[in-house]
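Here are some friendly notes to read with the structure open beside you. They go from the whole chain down to single side chains.

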Amino acid sequence: MKINRYSVSMALCASLVGCNSHPNELRSTGGSELGAKMAAPVGEPIQAVLTQAPDVPPAITRKSPAKVVVEIEVKEVTMPISEGVNYTFWTFGGKVPGEFIRVRQGDTVEFHLQNHPDNKMPHNIDLHAVTGPGGGATSTFTAPGHQTQFTFKALNQGLYVYHCATAPVGMHIANGMYGLILVEPPEGLKPVDREYYVMQGDFYTVGKYREKGLQPFDMQKAIEENATYVLFNGSEGSMVGEKALPAKVGETIRLFVGNGGPNLVSSFHVIGEIFDKVYPEGGSHYQENVQTTLIPSGGAAIVEFRLEVPGTYIIVDHSIFRTFNKGALGMLKATGDEVTAIYSGKEVDDVYLGDKAASGSGKAVAKATAEMKSGTLTLESQIAAGEALFKGTCSTCHMETGLGVPSVFPPLAKSDFLMNDKARSIGVVLNGLSGAVTVNGTKFNSVMPPMSQLNDDEIANILTYVRNSWGNKGTAVTAAEVTAVRASSKRPPGAAE
């Protein structure tokens, strides 16, 4: 007997989902999950509210799907990546990360991508929230001065990365072309007191970490995955000091955390907090009581926690050298009454905050950098910058008083060993020191690791500060002097070049 395949498929459809007509009509039925997702937009089109990090658009309260119009302009912008260091970012909306997009599951999104006429490169966008080949990339290849448009249905709830996918794709992403789009479930997310947008990215510059001036992109470092910077929200210091995320004791916090990559996986952690809930990879199910969560390159996570005590909470990538030597450090500052039954301790810990602990430290470093560039660097500016850098690099062992630790670390205050030989002191910082030394008549036998990862101007400023503090009085150390010692001395194996 000849089998009618169409009849069989119709019977199967009817038995599974109760349809008694053509299978394509499933998309218009309201009684199925897919039917609900495919429901027609209700009302007039809505212009999407877009925000720059760390801000998040307001929660969606409407009960019906809508047509949402999203307009984003690509801009190639030169901005600071660190104090005294500039970089030409390629951006969605003028900053890194790109603007935060918030829609509802079932919304029809009309997406407009504009490429600013002053840009040099074509760009497009691939949204991981899109169901369809290329995620929108094939529909949005946009030359400078032009605009493209496409429409997609937000079928799946979750937190998704978007990024540029124009060749070479890695270079476009490495220059900062990524952001997040949240597709809320129809019932919305549970209300919290504060929501913030945090996105990590790794950057590859020709110059070393914190090397001053305009730094170009280094393709070879990117291919080798040897990041110069690993940053939150596009720049070192984007969430520290006056830019720290504000909160209050007793509040619930929700962080929408993305990882633009292009290469590195994030080990996301908030020092002093335990995540009550983590939605791994921005999905629908959560884990509870999580210390550190992995966020893949091109992935995201939602983390929620309640603040129990006041203080500064440090946001880090717990692949920890990235935090202290590549810039992946932010702050959340909670104000409120002490709760000594839960925690009793000092409010700021310089070991974690480094040179970000001191108020105005960034301004002091920036001022010295600008003066050095213009040839007007003063002793006072070097001392101020050196003090800020000393607190983040040297104060743990030598103490902020310069007195060191008795029988362990020698004093810098009124130190004959330090002050008698400027070149030797530069060499000690660059190359480290081990073995017995005599300082002010007392023997010390400890180890100082090489600090040659510091730039020449940073070492010069630190030593200038040390040579003019705690009773010391000496001439300034110049970056040229550090350069000369660096060039003439052979550093130990493993020391940075």
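The points below cover the overall fold, the cores, the salt bridges, the cysteines and a surface patch.

1. Overall make-up. Please keep in mind throughout that this is a predicted model. The protein has 497 residues, and 50% of them count as buried. Its secondary structure comprises 13 helices and 23 strands. Taking contacts between residues at least 6 apart in sequence, 68% join residues at least 24 apart.

2. The nonpolar cores. The largest nonpolar core holds 56 residues, and the members that touch the most others are Leu180, Phe203, Leu255, Phe268 and Leu332. There is also a second, separate core of 26 residues, with Ala66, Val70, Val103 and Cys164 among them.

3. The search of the whole structure gives 17 salt bridges. One that I would look at joins the side chains of Glu304 and Arg254, at 2.8 Å from N to O. Glu304 lies in strand β19 (residues 299-306) and Arg254 in strand β14 (residues 252-261), so the pair links distant parts of the chain, 50 residues apart. Are these two partners buried or exposed? Glu304 counts as buried because its relative accessibility is 12%, under the 20% cut-off. Arg254 is buried too, because its relative accessible area is 2%. Both residues belong to a network of salt bridges that also links Arg102, Glu184 and Glu195.

4. Two further salt bridges to compare. Arg486 pairs with Asp456, their closest N and O atoms lying 2.7 Å apart. This pair, too, links distant parts of the chain: Arg486 is in helix α13 (residues 479-488) and Asp456 is in helix α12 (residues 456-466), 30 residues apart. Both Arg486 and Asp456 are buried. Glu308 and Arg306 also form a salt bridge, with 2.7 Å between the closest N and O atoms. Here Glu308 is partly exposed, with 34% relative accessibility, and Arg306 is partly exposed as well, at 35%.

5. The cysteines. How many disulfides does a search of the whole structure find? The count is 0. Cys397 is in no disulfide, and the nearest cysteine sulfur, that of Cys394, is 8.7 Å away. Cys397 is partly exposed, with a relative accessible area of 29%. Cys164, by contrast, is buried, at 0%, and is a member of the second core.

6. A nonpolar patch on the surface. Ile320, Phe321 and Phe324 make a nonpolar surface patch of about 300 Å². Phe321 sits in helix α5 (residues 321-325). Phe321 counts as exposed because its relative accessibility is 63%, which is over the 50% cut-off.

Conventions. Residues are numbered from 1 along each chain as its sequence is written. This is a predicted model: local features need pLDDT of at least 70, side-chain atom pairs count only at pLDDT 80 or more; totals for chains, interfaces and linings use all residues. Side-chain values use heavy atoms; hydrogens and water are left out. Patches are made of residues with over 30% relative accessible area and no salt bridge: like charges are joined within 9 Å, nonpolar side chains (Val, Leu, Ile, Met, Phe, Trp, Tyr) within 5 Å. Accessible areas come from the Shrake-Rupley method with a 1.4 Å probe; for residues, only the protein chains shown count as cover. A salt bridge is a side-chain nitrogen of Lys or Arg within 4 Å of a carboxyl oxygen of Asp or Glu. Helices (H or I, at least four residues) and strands (E, at least two) are DSSP runs, numbered from the N terminus. Buried means under 20% relative accessible area, exposed over 50%, partly exposed in between (1.4 Å probe, protein chains only). A nonpolar core is a set of buried Ala, Val, Leu, Ile, Met, Phe, Trp, Tyr and Cys residues joined through side-chain atoms within 4.5 Å. Contact means heavy atoms within 4.5 Å. A disulfide is a pair of cysteine sulfur atoms within 2.5 Å.
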